[in-house]
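Work through the exercises below with the structure open beside you. Try each task before reading its solution.

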Amino acid sequence: MILHSFGSYRAVIGSEIVWVRDDLMADPYIHSESFGKEGAPVLVMLHGWGQTLQSLKPLGELLSSDYRVVLLDLPGFGKSPAPDSDWDSTEYAKAVVRQLEVKGIRKFDLLGHSFGGRGSLRLAAHFPERVHRLILVASHGLPTPLLLFLGARLRSLCFLRNLQMRCFL
């Protein structure tokens, strides 16, 4: 929600009032909650698909004795409005970086659960200078041992089929 404009800056309300440059206002507002020690390393936590920051809040509260924890409702979930168009995980990652930029957070540890893990992978790949450590919990976007096994089995069957066809030609 925009409170007021002053030239190229706008005041935005969330858990706190933040001054945001107009060029950062392209994304929908992202609801967030922060707690923990000021000056401590920052841990950003991203929830899974169909969830909200509330799903990670108990873990964040446990970790807040050592970190400044930042929980975000990804766009379209919880108290964050949906984007105007369909987004892929890269767009979510960019929106998270812009939101953290608004909060003055440049370097952080990043924890992602499920879809939040996929976005975390994208964020770390596109903005490696910002991510100190990456923690993935039941992350979407990583091959599982079963998928690796099935993929290797399929490749070997294709190889054998091609080899067999060459032998009989």
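The exercises go from the sheet to its strands and then to the helices.

The model is predicted: local features need pLDDT of at least 70, side-chain atom pairs count only at pLDDT 80 or more, and totals for chains, interfaces and linings use all residues. Residues are numbered from 1 along each chain as its sequence is written, and side-chain values use heavy atoms, with hydrogens and water left out.

**Exercise 1.** Find the strand order of the open sheet of five strands, then its edges.

*Solution.* Start with the terms. Strands (E, at least two residues) and helices (H or I, at least four) are DSSP runs, numbered from the N terminus. Two strands pair if DSSP finds at least two bridges between them. The order is β4-β6-β5-β7-β8, and the pairing is mixed. From one strand to the next, the twist averages 20 degrees.

**Exercise 2.** Trace the pairings of β6 and β5.

*Solution.* Take β4 and β6: five bridges join them, and they run antiparallel. Here Gly-36 stands opposite Arg-68. Next, β5 and β6 pair in the parallel sense, also over five bridges. Met-45 has Leu-71 as its bridge partner in β6. Last, four bridges join β5 (residues 42–46) to β7 (residues 108–113), again in parallel. Val-44 faces Leu-110 there.

**Exercise 3.** Decide which residues cover each side of β6.

*Solution.* Buried means under 20% relative accessible area, exposed over 50%, and partly exposed in between (1.4 Å probe, protein chains only). Five of the five residues of β6 are buried. Arg-68, Val-70 and Leu-72 are on one side; Val-69 and Leu-71 are on the other.

**Exercise 4.** Describe how α2 and α3 meet.

*Solution.* Two packed helices are described by the angle between their axes and the distance between the axes. Axes are lines fitted to C-alpha atoms, for helices over the stretch in contact; angles run from 0 to 180 degrees between N-to-C directions. The axes of α2 and α3 come within 8 Å and cross at roughly 70 degrees. That makes α2 roughly perpendicular to α3 (under 35 degrees is roughly parallel, over 145 roughly antiparallel, 65 to 115 roughly perpendicular, the rest oblique). Contact means heavy atoms within 4.5 Å. The contact residues include Tyr-92 and Val-96 of α2, and Phe-115 and Leu-123 of α3.
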